[in-house]
Every structure is written in structure tokens, then in C-alpha cells.
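Trainee: I would like to learn how to read cores, salt bridges and pockets in a model. Please take them in turn.

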Amino acid sequence: MKTFTKVALLILVVLPCFLMSAGCGSGGGSSPQPILVSLRLTPLNPTFVAGTSFHFAVIGTYSNGTTIDVSQTANWTSSDTTVATIGNTSGSKGVATTVAAGSTTITATVNGISASTTLTVTGNTSTGANVMRITVNGDLCSAATSAGYVNKPCVSVTVCNPNSSTCQTITDLLLDTGSTGLRVFSSAIPNLTLPQVTTSGGGSLAGCVGFADGSSLWGPIKMASVQLGNEPAVLVPIQVIDSTFGIRPSGCSNADPTPVSAGFNGILGVDVFAQDCGPACVSSALNGMYYSCNGSGCSGTTVPTANQVANPVVSLPVDNNGVQVQLPPVPLGGVASLSGSLILGINTQSNNTPGAVTVLPEDTSGDFRTLYPTSSTSNDSFVDTGSNALFIPNLNPSVLPTCASPNQAWYCPPVTRSLFATATGFSGLPAVNVPFNVGNFITVASDGNSVFSEIAGTSTFGFDWGLPFFMGRNVFLGYEQKIVPSLGTGPFVAF
């Protein structure tokens, strides 16, 4: 996980002036009523599997420059109801239900102005040995760890002793496309007796991993049998999170001691790498990640790749060349929870064929590039389900002002901004425009929902395409040095 942010919701409502009643502003006289100028549908040209229901939203732009969600006043139609239907009655407006493979045109009309988009429906991918459920603030997330934690994607994994004598299925694991490997709190696996990985000097191998929000995890590295979905179990090194193990190095002095403090029972990291450190930790003991512990003392150590915390997907016998994250779109204003799928492998089964996507090659750090807000401003960037918002460099405060203290890490524009950035491969090609919305964090986070597509925060480390990026998209991660038929060799992201 390159970054994630846990937030406490503030019950505070801040209404933009154009939504308030008379008396807003300094003038006492009346002003012309703004008129609707144009409409914009979101998501744009989505692809979803048959049997899925999700919301379309339509945003109206008015003559005074304001934008308002007019989904509930629009008239909705689907050009081919055998492919997908669209709700058009109170309580169901904009709710699409996919029926069968094909394509249909979804149209919203308000005051004689229309906007349309193409909805493509593919065969059902919700079943299969290579499919894992994702729930965002849903039943796979623990209530004990999730208070105030918005946009939290959870999965479950079965972990066993290497001889399969005892197994436990662990829920409340944060799905993270920004880190590598399985990390589980010791308190979540009390019945397992996993063997310790040792160093060449006979010490116990331990790991320290830090994240961009300043948090860290510490604990020993142990061997475990790991089962993803209904795939065959694989034997890999995992980190057992335990802040009491040995003496923590300075990099993990603030290591989370419990699932409640961390916000999860563990992390399933499925980014584009096979190990969490790779060659850098093979050659240098001063890597800051791995330590050899004897008694209570721990010192930096080199680690062969076979003993490093591993991406368990890479060890699968067939579906090992990447993953697909599939989440429905979320309307402005959010929803209470969301369900989707993590599909293992790309072009290895009938349910993980990507179709027409743009492939952005990544560099050796797993980064591509994002141009924002102008074509001359390039940022290292990555896609990261472990980040619960978009994290954007604050290059134009007039467009994206930050919230007042103590929420100054978040953006609070007076109205929801409809923006776009240009994502490119690490060398600059290909390029694709990516639209996104940024709303007022305080207003959005106070409405009682837990899943939002329009929350964003500041970044000093590049452009972080966090969980909102995945909503309404099928996002593929191609693994390093793995060949993906029709798409090329990883690492890459494709959508």
C-alpha cells in the first residue's frame, strides 16, 4: 500500500450559496434564475457484467457556472432493454440493471437537453474459482475496525498451517493494489502455528513496512498456506503483524498495535510485483524493511527473494499474471456500501478477458505518469485501492481549496468540480484522459454514507489514483515479467 488515509467523519453541513435560500450573499435584490446549459453523464461508457445493478448520475451545468446533480429530475431511457434496463421512477431513477451481453445507449433528458453514453454488458464473471468478493464498507469489513473509515475495500482469505492441519478464514483484509503480500494481525489467527522464517545467521526474520500517511506495520515473517477464492492453496511467506515482537526499529516506532488502531485485520497486497522488496533487499542489509532478530535485538539484514513477503497471486498455477478489480460506479453523494469482484489472472479464463482497454506501461517502481492540471505538469502516479480517496497535488488552490483545520489535508471546493487529468505510460505514451469529480469533503462526508466517488486530498508524492478511480471501471494490473495475451508484458495498468 503506497498510501492510505483513515478519517474520522465530522458531522458538519456546509451548503454552497447557490443551494441556500434567500439572504445568501450581500445583495438584497433578486437575480436572474440560472438556466440549464448542458448535461454530463457519469460513468462514461462503462462496461459491466450481466446481473449487475448500479447508478448512473447526470450532472447539470448552469449559466452561472454551478453544477448540480439532476439525476432525480431527469427522464432516463435505455435503447435496448434486452441488454440493460434503467430506472425512471421515484427511488429508482438512474439505476441500471444489466441483463445480457451487448451494448445499449443510456440517455438522460432534462428540460429538453439530453446526454447519452454507451453501456457495454459482458458475460457474468461473478462466479469461478478465480473470483474473490470485494465489499466496500460491506459485510466483509469489521464494524469494530471501520468506524469513520470511508471507502474501505475488504476481502477474505483462508490461511492455513503449511501442512493444512488448521485453517482460518480471515475477513476485514484491506484490498491493496499499492503494496505486495499478505499481512495479518497475530490476533486474527490465534489458532495457527506458522513456522518462523529464519535468516542466514539463525535469527528470526521480521519486517517493517511504512506508508505515506505515516503509519507502519511490524512483525515476524512466517510461512503459510494461503488460499485465494477457490484457487489451489499456495505456500508463501507472510507477515504476522505483532508490535510486541522483539525491539522495533525506528522506522516502525509507531507501528499499529491492534486491528482497531490500524483499521483492518490485515492487508492483501496484489500490486504488480512478486515480492515486497525484490533485489534491493537481496543485496543490501540497510534496506529499512527486513531485520534479523535474536532475543529482543533486531538488526538490518539481507533477504533472498524466496523469503520476502510474497504476492500470493504470482504463485498460483494458472491465474498468476495479474488481477482485475471490478467495482460498480457510485453516484455523487455516495452509497452506504458497495460490492464488486477481484478476478485473478488476465486472459487466462473465460471470465477475465479484458476486451478493449488502454494499456499504460509502468516503470520499475510500478508508476506511470499523470499530467495535471496542464500538459506541462507530469506526476509519478499509481492506482491504489488502499488509498480511500484521490490524492492530488495542490497546484491550483482557486480550483481546489483545502478544508479548514483540522481537515486541511482534504479538498473543500464550494461546488463539486468536474475535472480531468491525462494518464500516460511511464514513457509518455499512450495517453488517455481520465475524468473525475472532487466534492466538498466536509459536506460529502456528513451525509451518512460510507462510499464516495468524489472525495480527494492533497498529495506531495505524485498523483494517487485511489479507490474512487476504480468505481465504474474494470481495472487490470499486469504483473512484472508476466506475459498477458493481447496486452503485453507487465508491469502495466489497463482500463
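Trainee: Which residues have the most contacts inside the largest nonpolar core?

Mentor: A nonpolar core is a set of buried Ala, Val, Leu, Ile, Met, Phe, Trp, Tyr and Cys residues joined through side-chain atoms within 4.5 Å. Buried means under 20% relative accessible area, exposed over 50%, and partly exposed in between (1.4 Å probe, protein chains only). Here the largest core has 67 residues, and Phe436 and Trp465 have the most contacts inside it. A separate core of 22 residues includes Phe48, Val58, Val83 and Leu119.

This is a predicted model, in which local features need pLDDT of at least 70 and side-chain atom pairs count only at pLDDT 80 or more, while totals for chains, interfaces and linings use all residues. Residues are numbered from 1 along each chain as its sequence is written, and side-chain values use heavy atoms, with hydrogens and water left out.

Trainee: How many salt bridges does the structure hold?

Mentor: Side chains of opposite charge can pair when their charged atoms come close. The criterion is a side-chain nitrogen of Lys or Arg within 4 Å of a carboxyl oxygen of Asp or Glu. The structure holds five such salt bridges. One of them joins Asp139 and Arg133, with the closest N and O atoms 2.8 Å apart; Asp139 is exposed at 56% relative accessible area, and Arg133 is partly exposed at 44%.

Trainee: Are Asp172 and Lys152 buried or exposed?

Mentor: Asp172 is buried, at 0% relative accessibility, and Lys152 is buried at 0% as well. Their side chains form a salt bridge (2.8 Å, N to O). Asp172 lies in strand S13 (residues 167–176) and Lys152 in the loop between helix H1 (143–146) and strand S12 (153–160), so the pair ties together parts 20 residues apart in sequence. Helices (H or I, at least four residues) and strands (E, at least two) are DSSP runs, numbered from the N terminus.

Trainee: What is the volume of the largest pocket?

Mentor: Rolling a probe the size of a water molecule over the atoms shows where empty space is left. A pocket is an open set of points on a 1 Å grid over the protein atoms alone, where a 1.4 Å probe fits, with protein on both sides within 12 Å along at least five of seven lines; lining residues have an atom within 4 Å of a point. The largest pocket has a volume of about 1100 Å³. Of its 49 lining residues, the closest to the centre are Leu44, Asn45, Pro46, Gly472 and Arg473.

How values were computed. Grid points are joined across faces, edges and corners, and a volume is the space filled by probe spheres set on the points.
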